[in-house]
Amino acid sequence: MDAGLQDLIDLCLNNLEGFSVVLFAPDMKGGPLNLKVYRSLSKYIDPEIEINPGQGLIGWAYKNKKPVNVDQVSFESDRLLFYTRDEEIKSFMAVPLPAIDGILVVDSKQRYVFTDKSTKLLLQFGQSISRLAHRLFGQPPAPRKTTGEGKDGSGASEPPENEICALWQGLEFCLSRSDHEGGGLSAALELIRRFSGLSWAFLT
């Protein structure tokens, strides 16, 4: 994971006095959210979690493209989906990140800790985080759509030119930088996997 991106997540956690800060983004635009990077005081984060649009509070923010600020006396952690056990969370915020089609989440074990000012601060962090994430990973590709039918009735599918350009730019970025700078072959393979919509990719 890119050190600059992790530093921003850490800074967000410290400034908002949160328990966890988590960045979610889909591998395919409009697809399930995946956990990309986080910082937490919990040992019970599920890094493999997938959250569908509309699922739980995070999925609601993702589907509706709106911030969420929930500050209640009692709060079950399973509503957040990314904990593997109840952490007695009392407050929760999430803001959409349109540049990467993602969601930035922060929660706390304190009651009534997140104000309107906190939401604005999280939005500001979200803008910085999404700009860096967009430079590193680009925007997730849109699902391929059938543009017409051939004579045999089979669908013809062509990715838009701008998506191909974004893929090549991403590959150039990855191959011009080392692994610890957010580049390398692993990052290039991940770009190809996300663009193609495949479950995995490898280099032989």
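Q: Two strands pair if DSSP finds at least two bridges between them. With that in hand, how many residues lie between the strands in the hairpin of E1 and E2?

A: There are 6 residues between the two strands, and within the hairpin Gly-30 has a positive phi near 85°. Before we go on, please note that this is a predicted model, in which local features need pLDDT of at least 70 and side-chain atom pairs count only at pLDDT 80 or more, while totals for chains, interfaces and linings use all residues. Residues are numbered from 1 along each chain as its sequence is written, and side-chain values use heavy atoms, leaving out hydrogens and water.

Q: How many helices and strands does the chain have?

A: Helices (H or I, at least four residues) and strands (E, at least two) are DSSP runs, numbered from the N terminus. The chain has 5 helices and 8 strands, following one another along the sequence as α-β-β-β-α-β-β-β-α-β-β-α-α.

Q: In what order do the strands of the open sheet stand?

A: Strands of a sheet pair through backbone hydrogen bonds, either parallel or antiparallel. Here 6 strands make an open sheet with antiparallel pairing, in the order E3-E2-E1-E6-E5-E4. Strand E3 (50-51) and strand E4 (68-71) are at the edges with a single partner strand each, so one side of each has no neighbour in the sheet.

Q: How many bridges pair E1 with E2?

A: Strand E1 (residues 20-26) and strand E2 (residues 33-40) are joined in the antiparallel sense over 7 bridges, and Ser-20 faces Ser-40 in E2. E1 also pairs with E6 in the antiparallel sense, over 5 bridges, with Phe-24 opposite Ile-103 in E6.

Q: How many residues of E1 are buried?

A: Buried means under 20% relative accessible area, exposed over 50% and partly exposed in between (1.4 Å probe, protein chains only). In E1, 7 of its 7 residues are buried. Ser-20, Val-22, Phe-24 and Pro-26 point one way from the strand, Val-21, Leu-23 and Ala-25 point the other way, and all of these are buried. For the chain, buried residues make up 44% of the 204 residues.

Q: Which strands does helix H3 lie across?

A: Helix H3 (residues 116-137) lies across E1, E4, E5 and E6, at about 40° to E5. Such angles, from 0 to 180 degrees, are taken between N-to-C directions of axes, which are lines fitted to C-alpha atoms, for helices over the stretch in contact.

Q: Where do the axes of H1 and H3 cross, in terms of distance, and at roughly what angle?

A: Two packed helices are described by the angle between their axes and the distance between the axes. The axes of H1 and H3 come within 10 Å and cross at roughly 175°. That angle makes H1 roughly antiparallel to H3 (over 145 degrees counts as roughly antiparallel, under 35 as roughly parallel, 65 to 115 as roughly perpendicular and the rest as oblique). A contact means heavy atoms within 4.5 Å; in H1 the contacting residues include Leu-5, Leu-8 and Cys-12, and in H3 they include Leu-122, Phe-125 and Ile-129. The residues of this contact divide into 13 nonpolar, 4 polar and no charged (Ala, Val, Leu, Ile, Met, Phe, Trp, Tyr, Cys and Pro count as nonpolar, Asp, Glu, Lys and Arg as charged, and the others, Gly among them, as polar).

Q: Which residues of helix H2 are buried?

A: In H2 (residues 56-64), they are Leu-57, Ile-58, Gly-59, Ala-61 and Tyr-62. Their cover includes E1, E2, E3, E4, E5 and E6.

Q: Is Ser-42 buried or exposed?

A: Ser-42 sits in the loop between E2 and E3 and counts as buried, because its relative accessibility is 10%. Leaving aside residues up to four places away in sequence, Ser-42 touches Phe-19, Tyr-83 and Glu-87.

Q: With which side chain does the side chain of Ser-42 make a polar contact, and what is the distance?

A: A polar contact is a pair of N or O atoms within 3.5 Å; within protein, one must be able to donate a hydrogen and the other to accept it, and residues adjacent in sequence count only if both atoms are side-chain atoms. The partner is the side chain of Glu-87, at 2.6 Å. A polar atom of the Ser-42 side chain also lies 2.9 Å from the backbone nitrogen of Tyr-44.

Q: What is the phi of Leu-81?

A: Most residues other than glycine have a negative phi, and most peptide bonds are trans. Leu-81 has a positive phi near 80°; this residue is in the loop between E4 and E5 and, at 22% relative accessibility, counts as partly exposed. Glu-88 lies in the loop between E4 and E5 and has a positive phi near 55°. Just after H2, Lys-65 takes a positive phi of about 55°.
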